[in-house]
Amino acid sequence: MYDTCPPWASFFGFAGVASAMIFTTIGAAYGTAKAGIGIAGVGQAKPELVMKSLIPVVMSGIIAVYGLVVAVLISGSISPTEPYGLYDGFIHLGAGLACGVTGLAAGYAIGIVGDACVRAYIHESRVFVSMVLILIFAEVLGLYGLIVALILNANVPSPALCVKA
(Lines give C-alpha, C1' and ligand atoms only; values in the text may rest on other atoms or scores of the structure.)
Protein backbone atom coordinates (compact mmCIF):
# COMPACT_ATOMS: atom_id res chain seq x y z
CA MET A 1 0.00 0.00 0.00
CA TYR A 2 1.01 3.58 -0.59
CA ASP A 3 0.54 6.65 1.55
CA THR A 4 -2.16 8.62 -0.30
CA CYS A 5 -2.00 11.66 2.03
CA PRO A 6 1.68 12.56 2.42
CA PRO A 7 2.48 15.87 4.12
CA TRP A 8 3.73 17.34 0.85
CA ALA A 9 0.50 16.63 -1.11
CA SER A 10 -0.74 20.16 -0.49
CA PHE A 11 2.17 21.43 -2.58
CA PHE A 12 0.24 20.43 -5.69
CA GLY A 13 -2.87 22.23 -4.49
CA PHE A 14 -0.92 25.40 -3.83
CA ALA A 15 0.78 25.00 -7.21
CA GLY A 16 -2.74 25.04 -8.70
CA VAL A 17 -3.53 28.22 -6.77
CA ALA A 18 -0.32 29.83 -8.00
CA SER A 19 -0.88 28.66 -11.58
CA ALA A 20 -4.38 30.12 -11.71
CA MET A 21 -3.28 33.48 -10.33
CA ILE A 22 0.05 33.84 -12.12
CA PHE A 23 -0.98 32.83 -15.62
CA THR A 24 -4.32 34.67 -15.68
CA THR A 25 -2.65 37.79 -14.32
CA ILE A 26 0.08 37.64 -16.96
CA GLY A 27 -2.59 37.28 -19.64
CA ALA A 28 -4.61 40.16 -18.22
CA ALA A 29 -1.54 42.36 -17.91
CA TYR A 30 -0.46 41.65 -21.48
CA GLY A 31 -3.96 42.28 -22.81
CA THR A 32 -4.22 45.54 -20.90
CA ALA A 33 -0.80 46.75 -21.98
CA LYS A 34 -1.19 45.79 -25.63
CA ALA A 35 -4.68 47.28 -25.93
CA GLY A 36 -3.51 50.34 -23.98
CA ILE A 37 -0.89 51.04 -26.62
CA GLY A 38 -3.63 51.15 -29.26
CA ILE A 39 -5.82 53.34 -27.05
CA ALA A 40 -2.95 55.80 -26.65
CA GLY A 41 -2.78 56.05 -30.42
CA VAL A 42 -6.54 56.63 -30.61
CA GLY A 43 -6.28 59.36 -27.99
CA GLN A 44 -3.84 61.28 -30.15
CA ALA A 45 -5.86 61.01 -33.36
CA LYS A 46 -9.48 61.08 -32.11
CA PRO A 47 -9.83 61.68 -28.36
CA GLU A 48 -13.62 61.29 -28.52
CA LEU A 49 -13.20 57.55 -29.27
CA VAL A 50 -11.13 56.74 -26.19
CA MET A 51 -14.03 55.69 -23.92
CA LYS A 52 -15.43 53.20 -26.45
CA SER A 53 -11.91 51.88 -26.98
CA LEU A 54 -11.58 50.82 -23.35
CA ILE A 55 -13.57 47.62 -23.90
CA PRO A 56 -10.46 45.41 -24.44
CA VAL A 57 -8.94 46.69 -21.20
CA VAL A 58 -12.08 45.85 -19.22
CA MET A 59 -12.26 42.40 -20.81
CA SER A 60 -8.61 41.76 -19.95
CA GLY A 61 -9.28 42.59 -16.33
CA ILE A 62 -12.07 40.04 -16.20
CA ILE A 63 -9.56 37.33 -17.12
CA ALA A 64 -7.65 38.01 -13.89
CA VAL A 65 -10.90 37.71 -11.92
CA TYR A 66 -11.36 34.18 -13.28
CA GLY A 67 -7.98 33.23 -11.85
CA LEU A 68 -8.80 34.86 -8.53
CA VAL A 69 -12.06 32.91 -8.24
CA VAL A 70 -10.33 29.60 -8.90
CA ALA A 71 -7.45 30.42 -6.55
CA VAL A 72 -9.85 31.28 -3.72
CA LEU A 73 -11.87 28.10 -4.26
CA ILE A 74 -8.80 25.89 -4.29
CA SER A 75 -7.11 27.53 -1.32
CA GLY A 76 -10.35 27.23 0.65
CA SER A 77 -10.15 23.46 0.20
CA ILE A 78 -6.69 23.21 1.75
CA SER A 79 -6.45 23.13 5.52
CA PRO A 80 -3.53 22.19 7.78
CA THR A 81 -5.88 20.32 10.12
CA GLU A 82 -7.84 18.30 7.52
CA PRO A 83 -6.43 15.39 5.50
CA TYR A 84 -5.37 16.35 1.99
CA GLY A 85 -4.58 13.62 -0.50
CA LEU A 86 -2.47 13.39 -3.61
CA TYR A 87 -5.63 12.93 -5.65
CA ASP A 88 -6.95 16.25 -4.30
CA GLY A 89 -3.65 17.96 -5.05
CA PHE A 90 -3.51 16.70 -8.61
CA ILE A 91 -7.10 17.76 -9.28
CA HIS A 92 -6.40 21.21 -7.86
CA LEU A 93 -3.22 21.50 -9.91
CA GLY A 94 -5.15 20.56 -13.04
CA ALA A 95 -7.88 23.07 -12.21
CA GLY A 96 -5.36 25.86 -11.65
CA LEU A 97 -3.52 25.07 -14.86
CA ALA A 98 -6.75 24.84 -16.87
CA CYS A 99 -7.86 28.25 -15.70
CA GLY A 100 -4.40 29.82 -15.82
CA VAL A 101 -3.27 28.69 -19.25
CA THR A 102 -6.59 29.48 -20.93
CA GLY A 103 -6.56 32.86 -19.18
CA LEU A 104 -3.08 33.49 -20.53
CA ALA A 105 -4.19 32.63 -24.06
CA ALA A 106 -7.33 34.75 -23.75
CA GLY A 107 -5.35 37.72 -22.47
CA TYR A 108 -2.94 37.52 -25.38
CA ALA A 109 -5.81 37.25 -27.86
CA ILE A 110 -7.66 40.19 -26.31
CA GLY A 111 -4.52 42.32 -26.34
CA ILE A 112 -3.63 41.67 -29.95
CA VAL A 113 -7.18 42.04 -31.24
CA GLY A 114 -7.80 45.05 -29.03
CA ASP A 115 -4.72 46.87 -30.26
CA ALA A 116 -5.36 46.18 -33.95
CA CYS A 117 -9.09 46.89 -33.87
CA VAL A 118 -8.83 50.05 -31.79
CA ARG A 119 -6.32 51.42 -34.29
CA ALA A 120 -8.60 50.43 -37.18
CA TYR A 121 -11.56 52.06 -35.41
CA ILE A 122 -9.94 55.46 -36.00
CA HIS A 123 -10.36 55.03 -39.75
CA GLU A 124 -13.55 52.97 -39.97
CA SER A 125 -16.30 53.05 -37.34
CA ARG A 126 -17.89 49.82 -38.62
CA VAL A 127 -14.94 47.90 -37.17
CA PHE A 128 -16.36 48.44 -33.67
CA VAL A 129 -19.03 45.71 -33.87
CA SER A 130 -16.64 43.11 -35.26
CA MET A 131 -14.06 44.11 -32.62
CA VAL A 132 -16.56 43.48 -29.83
CA LEU A 133 -17.54 40.10 -31.30
CA ILE A 134 -13.93 38.98 -31.64
CA LEU A 135 -13.19 40.14 -28.10
CA ILE A 136 -16.16 38.19 -26.78
CA PHE A 137 -14.91 35.02 -28.45
CA ALA A 138 -11.42 35.64 -27.05
CA GLU A 139 -12.88 36.15 -23.57
CA VAL A 140 -14.81 32.88 -23.85
CA LEU A 141 -11.49 31.02 -24.03
CA GLY A 142 -10.79 32.11 -20.47
CA LEU A 143 -14.35 31.33 -19.45
CA TYR A 144 -13.94 27.76 -20.72
CA GLY A 145 -10.92 27.37 -18.47
CA LEU A 146 -12.88 28.72 -15.52
CA ILE A 147 -15.71 26.24 -16.17
CA VAL A 148 -13.31 23.30 -16.44
CA ALA A 149 -11.59 24.39 -13.21
CA LEU A 150 -14.95 24.62 -11.41
CA ILE A 151 -15.93 21.15 -12.64
CA LEU A 152 -12.61 19.71 -11.53
CA ASN A 153 -12.83 21.39 -8.14
CA ALA A 154 -16.33 19.97 -7.64
CA ASN A 155 -14.94 16.45 -8.10
CA VAL A 156 -12.56 16.63 -5.12
CA PRO A 157 -13.73 14.12 -2.51
CA SER A 158 -14.47 15.59 0.89
CA PRO A 159 -12.87 14.54 3.18
CA ALA A 160 -9.84 12.99 1.54
CA LEU A 161 -9.56 9.22 1.74
CA CYS A 162 -6.18 8.51 3.27
CA VAL A 163 -4.52 5.13 3.13
CA LYS A 164 -1.29 4.75 5.12
CA ALA A 165 1.50 2.47 3.99
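The legends below describe a predicted model in overview and in several close-up views.

Local features are reported at pLDDT of at least 70 and side-chain atom pairs only at pLDDT 80 or more, whereas totals for chains, interfaces and linings use all residues. Residues are numbered from 1 along each chain as its sequence is written, and side-chain values use heavy atoms, with hydrogens and water left out.

**Figure 1. Overall fold of the protein.** The protein has four helices and zero strands, in the order α-α-α-α from the N terminus. Helices (H or I, at least four residues) and strands (E, at least two) are DSSP runs, numbered from the N terminus. The C-alpha trace spans about 70 × 20 × 20 Å along its principal axes. Of the 165 residues, 41% are buried, that is, under 20% relative accessible area, with exposed meaning over 50% and partly exposed in between (1.4 Å probe, protein chains only). The accessible surface is about 8600 Å², and 75% of that area belongs to carbon and sulfur atoms; areas follow the Shrake-Rupley method with a 1.4 Å probe, and for residues only the protein chains shown count as cover. Among contacts (heavy atoms within 4.5 Å) between residues at least 6 apart in sequence, 87% join residues at least 24 apart.

**Figure 2. Spans annotated in the UniProt record.** An unreviewed UniProt entry lists "domain: V-ATPase proteolipid subunit C-like" at residues 16–74 and 93–152. UniProt positions follow the numbering used here, feature names are shortened, and annotations may be inferred rather than shown by experiment. Residues 16–74 are 85% helix and 0% strand, with end C-alpha atoms 8 Å apart; for residues 93–152 the figures are 95% helix, 0% strand and 10 Å. The unreviewed entry also places "transmembrane region" at residues 12–33, 54–78, 90–115 and 127–151. Among these, residues 12–33 are 100% helix, with end C-alpha atoms 31 Å apart, and residues 127–151 are 100% helix, with end C-alpha atoms 36 Å apart.

**Figure 3. Helix α4 and its cover.** Helix α4 comprises 28 residues (127–154) and reaches 41 Å from its first C-alpha to its last, close to the expected 40 Å; the expected span is 1.5 Å times one less than the number of residues. Its buried residues include Phe128, Met131, Leu135, Ala138, Gly142, Gly145 and Ala149. Residues three or four places apart on an α-helix point the same way, because there are 3.6 residues a turn. The cover over the buried residues of α4 includes α2 (55–76) and α3 (86–123).

**Figure 4. Surroundings of serine 53.** Serine 53 is located in the loop between α1 (10–45) and α2 and is buried, with a relative accessible area of 1%. A polar atom of its side chain lies 2.8 Å from the backbone oxygen of leucine 49. Beyond its neighbours within four places in sequence, serine 53 is in contact with Ile39, Val42, Val118 and Tyr121.

**Figure 5. Surroundings of proline 56.** Proline 56 lies in helix α2 and counts as buried, at 0% relative accessibility. Residues up to four places away in sequence aside, proline 56 touches Ala35, Ile110, Gly114, Val118 and Leu135. The C-alpha atoms of proline 56 and glycine 27 are 12 Å apart in space, and the two residues are 29 apart in sequence.

Notes
Polar contact = N/O pair within 3.5 Å; in protein donor to acceptor, adjacent residues only side chain to side chain.
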